[in-house]
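Please keep the sequence and the model in view while reading.

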Amino acid sequence: MNNPQIVNAAALLGRILLSAIFILYGYNKIGGYANTSAYMAKMGVPAALLPLVILTELGGGLLILLGYQTRIVAFLLAGFTLLTGIIFHLSVGDAANMISFWKNVAIAGGFLGLVAHGAGAWSIDGRLKK
């Protein structure tokens with residue numbers, strides 16, 4: 001595509017869509033701290049990691065939204081998303097969990113697109129590049 005306005009708008013919209021779930025769920029984990037902590041423990045993940053999870057989701061989501069250090073953050077969130085998909089959703093024979101697992105795989109793919117192409121001109125990274 002040769003139209004820079006369309007390319008920049010698509011990059012911004014892609015970052016908004018990818019970051020929304022992380023910002024929302026990271027924020028919701030603060031309010032539902034006890035329930036999330038219990039669920040993590042039930043799944044064999046130390047509940048002591050919850051603050052790091054919240055920081056990763058909320059902080060990483062905001063960094064992607066703003067387009068700051070995008071390639072690094074997107075790479076880390078792709079790994080985080082695949083790991084959480086495997087730990088919490090990979091359950092062959094459970095259709096609902098498998099949908100969530102493949103959703104995580106697709107989101108990781110979107111993050112890898114950001115790793116490859118960056119945040120675009122309409123981002124902090126784009127501004128700093130000038």
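Ile 86 is partly exposed, with a relative accessible area of 47%; partly exposed denotes values between the limits for buried (under 20% relative accessible area) and exposed (over 50%), taken with a 1.4 Å probe and protein chains only. Ile 86 is found in helix H4, where helices (H or I, at least four residues) are DSSP runs numbered from the N terminus. The model is predicted: local features need pLDDT of at least 70, side-chain atom pairs count only at pLDDT 80 or more, and totals for chains, interfaces and linings use all residues. Residues are numbered from 1 along each chain as its sequence is written, and side-chain values use heavy atoms, with hydrogens and water left out.

Ile 86 belongs to a nonpolar patch on the surface, together with Tyr 39, Met 43, Leu 83, Ile 87, Leu 90 and Val 92. Such a patch is made of residues with over 30% relative accessible area and no salt bridge, the nonpolar side chains (Val, Leu, Ile, Met, Phe, Trp, Tyr) being joined within 5 Å. Together these residues have about 640 Å² of accessible area, a value from the Shrake-Rupley method with a 1.4 Å probe, for which only the protein chains shown count as cover. H4 supplies the largest share of the patch, three residues.

The largest nonpolar core has 18 residues, of which Phe 22, Met 40, Ile 64, Leu 77, Phe 111 and Leu 114 touch the most other members. A nonpolar core is a set of buried Ala, Val, Leu, Ile, Met, Phe, Trp, Tyr and Cys residues joined through side-chain atoms within 4.5 Å. H1, H3, H4 and helix H5 (95-117) each give two or more residues to this core, and H4 gives the most, with six residues.

Leu 114 has its place in helix H5 and is buried, at a relative accessible area of 8%. Its contacts (heavy atoms within 4.5 Å) include Arg 15, Leu 18, Ile 64 and Ala 74, when residues up to four places away in sequence are not counted. The C-alpha atoms of Leu 114 and Ala 11 are separated by 8.6 Å, although the two residues are 103 residues apart along the chain. Ile 64, under the same exclusion of residues up to four places away in sequence, touches Arg 15, Ser 19, Thr 70, Val 73, Ala 74, Leu 77, Phe 111 and Leu 114.

Helix H2 (residues 33-42) contains the buried residues Thr 36, Ser 37 and Met 40. They lie on the same side of H2 because they cover an arc of only 100° around the axis, the arc being that of the directions from the helix axis to the C-beta atoms. The buried residues of H2 pack against helix H1 (4-31), helix H3 (50-66) and helix H4 (70-89). On the face turned away from the buried side are the exposed residues Ala 34, Asn 35 and Lys 42. After H2 comes Gly 44, with a positive phi near 85°.

Which residues form a salt bridge, with their closest N and O atoms 3.0 Å apart? Lys 29 and Glu 57 do, and theirs is the one salt bridge in the structure; the term requires a side-chain nitrogen of Lys or Arg within 4 Å of a carboxyl oxygen of Asp or Glu. The pair links distant parts of the chain, with Lys 29 in helix H1 and Glu 57 in helix H3, 28 residues apart. Both Lys 29 and Glu 57 are buried.

The loop between H3 and H4 contains Gln 69. Phi of Gln 69 is near 55°, a positive value in a residue other than glycine. Gln 69 counts as partly exposed, at 35% relative accessibility.

Definitions and conventions
Patches are made of residues with over 30% relative accessible area and no salt bridge: like charges are joined within 9 Å, nonpolar side chains (Val, Leu, Ile, Met, Phe, Trp, Tyr) within 5 Å.
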